[in-house]
Amino acid sequence: MPTTPHIEKHFSGSEIVRDVVIGMSDGLTVPFALAAGLSAAVSDTGVIVTAGLAEIAAGAIAMGLGGYLAAHTDIEHFKSEEARETWEIEHKRDFEVNEVRQIFETYGLKGAALTNVVDAISANPRRWTDFMMRFELGLEQPDPKRAPLSAATIAIAYLVGGSIPLAPYIAVSNIPDALKMSVLTTGIALAIFGTIKGRFTGVNPFRSAVQTLLVGGLAAGAAYWLAHLLG
(Lines give C-alpha, C1' and ligand atoms only; values in the text may rest on other atoms or scores of the structure.)
Protein backbone atom coordinates (compact mmCIF):
# COMPACT_ATOMS: atom_id res chain seq x y z
CA MET A 1 0.00 0.00 0.00
CA PRO A 2 1.62 3.32 -1.02
CA THR A 3 2.26 5.78 1.73
CA THR A 4 2.82 9.49 1.66
CA PRO A 5 6.43 10.28 2.60
CA HIS A 6 6.89 12.28 5.78
CA ILE A 7 8.44 15.62 4.93
CA GLU A 8 9.52 17.96 7.69
CA LYS A 9 9.56 21.62 6.81
CA HIS A 10 11.87 23.79 8.83
CA PHE A 11 12.46 27.49 8.33
CA SER A 12 16.11 28.01 7.35
CA GLY A 13 16.28 31.80 7.08
CA SER A 14 16.33 32.56 10.81
CA GLU A 15 19.42 34.77 10.60
CA ILE A 16 17.93 36.92 7.83
CA VAL A 17 14.65 37.19 9.74
CA ARG A 18 16.57 38.22 12.85
CA ASP A 19 18.36 40.97 10.92
CA VAL A 20 15.09 42.20 9.40
CA VAL A 21 13.48 42.24 12.85
CA ILE A 22 16.39 44.21 14.33
CA GLY A 23 16.45 46.76 11.53
CA MET A 24 12.71 47.13 11.03
CA SER A 25 11.76 47.35 14.71
CA ASP A 26 14.32 50.07 15.41
CA GLY A 27 13.55 51.79 12.11
CA LEU A 28 9.87 52.04 12.97
CA THR A 29 10.36 53.00 16.61
CA VAL A 30 13.28 55.46 16.79
CA PRO A 31 12.32 57.86 13.94
CA PHE A 32 8.70 57.65 15.08
CA ALA A 33 9.68 58.69 18.61
CA LEU A 34 11.93 61.45 17.25
CA ALA A 35 9.23 62.87 14.97
CA ALA A 36 6.63 62.69 17.73
CA GLY A 37 8.93 64.43 20.16
CA LEU A 38 9.82 67.19 17.71
CA SER A 39 6.12 67.67 16.96
CA ALA A 40 5.71 69.03 20.47
CA ALA A 41 8.79 71.27 20.27
CA VAL A 42 8.89 72.87 16.79
CA SER A 43 6.43 74.56 14.46
CA ASP A 44 7.89 73.65 11.08
CA THR A 45 7.58 70.21 9.48
CA GLY A 46 10.76 70.94 7.53
CA VAL A 47 12.75 70.72 10.75
CA ILE A 48 11.16 67.37 11.58
CA VAL A 49 11.79 66.01 8.09
CA THR A 50 15.43 67.17 8.08
CA ALA A 51 16.09 65.74 11.54
CA GLY A 52 14.24 62.55 10.66
CA LEU A 53 16.17 61.97 7.46
CA ALA A 54 19.45 62.60 9.24
CA GLU A 55 18.49 60.15 11.96
CA ILE A 56 17.40 57.48 9.48
CA ALA A 57 20.66 57.78 7.54
CA ALA A 58 22.80 57.72 10.69
CA GLY A 59 20.74 54.93 12.23
CA ALA A 60 20.93 52.73 9.13
CA ILE A 61 24.72 53.14 8.98
CA ALA A 62 25.17 52.51 12.70
CA MET A 63 22.84 49.51 12.77
CA GLY A 64 24.36 48.05 9.62
CA LEU A 65 27.87 48.46 11.00
CA GLY A 66 26.77 46.86 14.25
CA GLY A 67 25.39 43.89 12.34
CA TYR A 68 28.61 43.55 10.36
CA LEU A 69 30.79 43.63 13.47
CA ALA A 70 28.55 41.13 15.28
CA ALA A 71 28.68 38.64 12.39
CA HIS A 72 32.43 39.15 11.98
CA THR A 73 32.93 38.57 15.70
CA ASP A 74 31.04 35.28 15.42
CA ILE A 75 33.48 34.16 12.71
CA GLU A 76 36.52 35.14 14.77
CA HIS A 77 35.10 33.42 17.85
CA PHE A 78 34.45 30.20 15.92
CA LYS A 79 37.97 30.16 14.48
CA SER A 80 39.48 30.74 17.90
CA GLU A 81 37.51 27.93 19.52
CA GLU A 82 38.23 25.63 16.58
CA ALA A 83 41.98 26.21 16.94
CA ARG A 84 41.78 25.51 20.67
CA GLU A 85 39.85 22.27 20.12
CA THR A 86 42.33 21.14 17.47
CA TRP A 87 45.21 21.75 19.88
CA GLU A 88 43.48 19.90 22.71
CA ILE A 89 42.75 16.90 20.50
CA GLU A 90 46.41 16.75 19.52
CA HIS A 91 47.94 17.37 22.96
CA LYS A 92 45.26 16.14 25.41
CA ARG A 93 43.90 13.16 23.55
CA ASP A 94 42.82 11.06 26.54
CA PHE A 95 40.95 13.97 28.07
CA GLU A 96 39.13 14.73 24.82
CA VAL A 97 38.26 11.05 24.28
CA ASN A 98 36.66 11.03 27.72
CA GLU A 99 34.64 14.13 26.79
CA VAL A 100 33.32 12.37 23.69
CA ARG A 101 32.40 9.39 25.85
CA GLN A 102 30.53 11.61 28.31
CA ILE A 103 28.58 13.30 25.52
CA PHE A 104 27.31 9.99 24.14
CA GLU A 105 26.58 8.66 27.63
CA THR A 106 24.06 11.47 28.04
CA TYR A 107 22.21 9.96 25.06
CA GLY A 108 22.05 6.57 26.79
CA LEU A 109 24.85 4.76 24.93
CA LYS A 110 26.91 2.28 26.92
CA GLY A 111 29.07 -0.78 26.58
CA ALA A 112 30.37 -1.93 23.18
CA ALA A 113 28.12 0.45 21.25
CA LEU A 114 29.56 3.41 23.17
CA THR A 115 33.14 2.24 22.61
CA ASN A 116 32.61 1.76 18.87
CA VAL A 117 31.10 5.23 18.43
CA VAL A 118 33.86 6.92 20.45
CA ASP A 119 36.54 5.08 18.46
CA ALA A 120 34.92 6.07 15.16
CA ILE A 121 34.75 9.76 16.14
CA SER A 122 38.31 9.93 17.48
CA ALA A 123 39.79 8.12 14.47
CA ASN A 124 39.55 11.23 12.27
CA PRO A 125 40.97 14.48 13.75
CA ARG A 126 38.96 16.73 11.40
CA ARG A 127 35.70 14.93 12.12
CA TRP A 128 36.57 14.87 15.79
CA THR A 129 37.08 18.63 15.87
CA ASP A 130 33.79 19.23 14.05
CA PHE A 131 32.00 16.97 16.52
CA MET A 132 33.41 18.78 19.55
CA MET A 133 32.55 22.17 18.08
CA ARG A 134 28.91 21.15 17.62
CA PHE A 135 28.18 18.92 20.58
CA GLU A 136 30.54 20.22 23.27
CA LEU A 137 30.54 23.94 22.47
CA GLY A 138 27.27 24.19 20.51
CA LEU A 139 28.90 26.17 17.70
CA GLU A 140 28.12 25.98 13.98
CA GLN A 141 30.58 27.31 11.42
CA PRO A 142 29.39 30.81 10.39
CA ASP A 143 28.93 31.67 6.73
CA PRO A 144 31.89 33.87 5.65
CA LYS A 145 29.46 35.94 3.57
CA ARG A 146 27.25 36.51 6.58
CA ALA A 147 28.82 39.79 7.76
CA PRO A 148 28.17 41.98 4.67
CA LEU A 149 24.76 40.37 4.12
CA SER A 150 23.77 41.06 7.71
CA ALA A 151 24.92 44.68 7.46
CA ALA A 152 22.96 45.28 4.25
CA THR A 153 19.81 43.56 5.54
CA ILE A 154 19.71 45.52 8.79
CA ALA A 155 20.46 48.84 7.08
CA ILE A 156 17.81 48.39 4.39
CA ALA A 157 15.22 47.25 6.94
CA TYR A 158 15.99 50.33 9.05
CA LEU A 159 15.61 52.64 6.05
CA VAL A 160 12.28 51.08 5.10
CA GLY A 161 10.98 51.16 8.66
CA GLY A 162 12.15 54.72 9.27
CA SER A 163 10.48 56.09 6.14
CA ILE A 164 7.00 55.09 7.36
CA PRO A 165 6.62 57.45 10.36
CA LEU A 166 8.39 60.27 8.50
CA ALA A 167 6.32 60.13 5.29
CA PRO A 168 3.30 62.07 6.68
CA TYR A 169 5.54 65.00 7.62
CA ILE A 170 6.78 65.12 4.04
CA ALA A 171 3.25 65.00 2.62
CA VAL A 172 1.47 67.29 5.10
CA SER A 173 2.70 70.71 6.25
CA ASN A 174 0.42 70.96 9.29
CA ILE A 175 2.20 69.37 12.26
CA PRO A 176 -0.88 68.18 14.25
CA ASP A 177 -2.35 66.56 11.13
CA ALA A 178 1.01 65.05 10.19
CA LEU A 179 1.40 63.69 13.72
CA LYS A 180 -2.03 62.04 13.61
CA MET A 181 -1.24 60.46 10.23
CA SER A 182 2.17 59.32 11.49
CA VAL A 183 0.62 57.72 14.57
CA LEU A 184 -1.97 55.93 12.41
CA THR A 185 0.40 54.68 9.69
CA THR A 186 3.13 53.71 12.12
CA GLY A 187 0.64 51.96 14.39
CA ILE A 188 -0.67 49.92 11.49
CA ALA A 189 2.89 49.16 10.32
CA LEU A 190 3.93 48.08 13.83
CA ALA A 191 0.91 45.79 14.15
CA ILE A 192 1.49 44.22 10.74
CA PHE A 193 5.22 43.84 11.39
CA GLY A 194 4.57 42.31 14.80
CA THR A 195 2.13 39.81 13.28
CA ILE A 196 4.58 38.78 10.56
CA LYS A 197 7.41 38.57 13.08
CA GLY A 198 5.30 36.31 15.26
CA ARG A 199 4.55 33.94 12.39
CA PHE A 200 8.23 33.61 11.48
CA THR A 201 9.49 33.24 15.04
CA GLY A 202 6.76 30.88 16.27
CA VAL A 203 5.27 33.38 18.74
CA ASN A 204 1.51 33.95 18.86
CA PRO A 205 0.97 36.54 16.07
CA PHE A 206 -1.61 38.52 18.02
CA ARG A 207 0.58 38.75 21.11
CA SER A 208 3.60 39.69 19.00
CA ALA A 209 1.59 42.43 17.26
CA VAL A 210 0.38 43.86 20.57
CA GLN A 211 3.88 43.78 22.08
CA THR A 212 5.44 45.48 19.06
CA LEU A 213 2.72 48.12 18.95
CA LEU A 214 3.01 48.74 22.67
CA VAL A 215 6.79 49.24 22.56
CA GLY A 216 6.57 51.68 19.65
CA GLY A 217 3.69 53.57 21.24
CA LEU A 218 5.44 53.89 24.60
CA ALA A 219 8.64 55.17 22.97
CA ALA A 220 6.80 57.79 20.92
CA GLY A 221 4.59 58.77 23.85
CA ALA A 222 7.57 59.23 26.15
CA ALA A 223 9.41 61.34 23.57
CA TYR A 224 6.34 63.52 22.92
CA TRP A 225 5.66 64.00 26.62
CA LEU A 226 9.30 64.87 27.39
CA ALA A 227 9.53 67.36 24.52
CA HIS A 228 6.20 68.92 25.52
CA LEU A 229 7.33 69.15 29.15
CA LEU A 230 10.66 70.76 28.31
CA GLY A 231 9.02 73.09 25.78
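# Exercises on a pocket, aromatic pairs and helix contacts

The lining of the largest pocket divides into 4 nonpolar, 2 polar and 5 charged residues. Here Ala, Val, Leu, Ile, Met, Phe, Trp, Tyr, Cys and Pro count as nonpolar, Asp, Glu, Lys and Arg as charged, and the others, Gly among them, as polar.

The model is predicted: local features need pLDDT of at least 70, side-chain atom pairs count only at pLDDT 80 or more, and totals for chains, interfaces and linings use all residues. Residues are numbered from 1 along each chain as its sequence is written, and side-chain values use heavy atoms, with hydrogens and water left out.

## Exercise 1

Describe the largest pocket by its volume and its lining.

Step 1. Take the volume: about 210 Å³. A pocket is an open set of points on a 1 Å grid over the protein atoms alone, where a 1.4 Å probe fits, with protein on both sides within 12 Å along at least five of seven lines. Volume is the space filled by probe spheres set on the points, which are joined across faces, edges and corners.

Step 2. List the lining (an atom within 4 Å of a point). It consists of Glu15, Arg18, Ala71, Asp74, His77, Phe78, Gly138, Leu139, Glu140, Pro142 and Arg146.

Step 3. Assign helices (DSSP runs of H or I, at least four residues, numbered from the N terminus). H1 (14-39) and H2 (45-91) each supply at least two lining residues. H2 gives the most, with 4 residues.

Step 4. Pick out Gly138 of the lining. Gly138 sits in the loop between H5 and helix H6 (146-171). Its relative accessibility is 56%, so Gly138 is exposed. The cut-offs are under 20% relative accessible area for buried and over 50% for exposed, with partly exposed in between (1.4 Å probe, protein chains only).

## Exercise 2

How many aromatic pairs does a search of the whole structure find? Explain what the Phe104–Phe131 pair ties together.

Step 1. The search finds 2 aromatic pairs. Rings of Phe, Tyr and Trp (its six-membered ring) pair if their centres lie within 6.5 Å; planes under 30 degrees apart are stacked, over 60 edge-to-face, the rest tilted.

Step 2. Phe104 and Phe131 are stacked, at 5.2 Å centre to centre and 15° between the planes.

Step 3. Phe104 belongs to helix H3 (residues 93-105) and Phe131 to helix H5 (residues 125-135), so the pair ties together parts 27 residues apart in sequence.

Step 4. Phe104 is buried at 15% relative accessible area. Phe131 is buried at 8%.

## Exercise 3

Which ring does Lys92 lie over?

Step 1. Apply the test: NZ of Lys or CZ of Arg within 6 Å of the ring centre and within 35 degrees of the ring normal.

Step 2. Lys92 lies over the face of Phe95, 4.9 Å from the ring centre.

## Exercise 4

Step 1. Thr153 is in helix H6, and Ala151 is in helix H6.

Step 2. Check burial. Thr153 is buried at 15% relative accessibility, and Ala151 is buried at 16%.

Step 3. Read the contacts (heavy atoms within 4.5 Å). Not counting residues up to four places away in sequence, Thr153 touches Ile16, Asp19 and Val20. With that exclusion, Ala151 touches Gly64 and Tyr68.
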